[in-house]
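Please examine the structure shown below. The briefing that follows is arranged by topic and is intended to be read alongside it.

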Amino acid sequence: MNCPEVSLVMGVWQPHRDWLSEAVRSALGQHGCNLELIVVDDGNPEPVAELLAEVSDPRLKLLRTPHSGPGTARNAGLEAATGSWIRFLDCDDVFEADSTARLLQLAAGDEGVIAYNATMVCTEELEPVELLASAVSGDAVRACLLGLFDVRLPSLLFSRPVVDAAGAWDDSFRVSGDWDFVLRALDHAVVCGDRAVATYYRRHAASVTRTAGIRDGEVARRRIIDRYLDRHPEARGSALAREAEAALLLDRGLAYAFVGETRRGLGRFAQGARRDPSAAIRVLPRLVRAVRAGAR
């Protein structure tokens, strides 16, 4: 096989067998590009090799590692990857058949560009629910830091030099490790994208946000901001730092209100409003809807 143009990296932990099979088929079924698929078995009790025994495709590479989490699995996949471009996917996502080729066209061979498309959030049966898309172009650091770059990891295509410059995945994040990685990658690249659907994302019981998950997300987002400021100490005390803190508080306020934690939600929202009144005014209608939803 010729050296692949694109390496698709999939970490697998406790997969739904049918969804895993569908994800692998959609990855290997990509049109218009030369690729390899690296599936990393993150120490599953039932080896993934057994679950994929019927897949006979020389482009599929299977690795097995001790269970350490998605970041470590992705790092193992990257060590084995030989492609010039990298795309990550999860074991319950489905790729649009020509999406990798479209992303390559958007990147146009420029290693300093991260190409992106939209993500369709779906039910477990892949019935469309919500389109997640962005119109950001060029420097996306600010948008990403403020949570305004609404693109999911599997719908991004990175050059290998940008992945290497971003550094290893950090598996100490319980949630939002992909946000941390993408923000680090954006220190080394600009973005180019459109609203074409690249990935169908299954929203299922394990992915439903609960109060504990909201707390984890708050801790992770604050850490992401702190890590960014560690890399860019000149930004400490800046308008961007204040905007980032306000965006965190406003977002968590909405999340708490939506799950019925109204008092906590309003408290977070008020803190965010003091830091960035104009941002609070923009999202106030969403707060009203969240409070109503949480009261049901």
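**A strand and its partners**

In strand β7, L132 stands opposite T119. This pairing belongs to a predicted model, in which β6 and β7 (residues 128-132) run in the antiparallel sense and are joined over four bridges.

**Burial of β6**
- Strand β6 spans residues 113-122, and ten of its ten residues are buried, so the strand is largely enclosed by the rest of the structure.
- In a regular strand, side chains alternate between the two faces of the sheet.

**The hairpin with β7**
- Together, β6 and β7 form a hairpin, with five residues lying between the two strands.
- Within the turn, L126 has a positive phi of about 65°.

**Other pairings of β6**
- With strand β9 (residues 190-202), β6 pairs in the parallel sense over nine bridges.
- Y200 in β9 is the residue that stands opposite M120.
- With strand β8 (residues 156-159), the pairing of β6 is antiparallel and comprises two bridges.

**Helix α3**
- Helix α3 covers residues 70-80, and its buried residues include G71, A73, R74 and N75.
- A76, G77 and L78 are also buried in α3.

Definitions and conventions
Residues numbered from 1 in each chain as written. Predicted model: local features only at pLDDT ≥ 70, side-chain atom pairs only at ≥ 80, totals over all residues. Heavy atoms only, no water. Buried < 20%, exposed > 50% of the residue type's maximum accessible area, 1.4 Å probe, protein only. Pairing = 2+ DSSP bridges.
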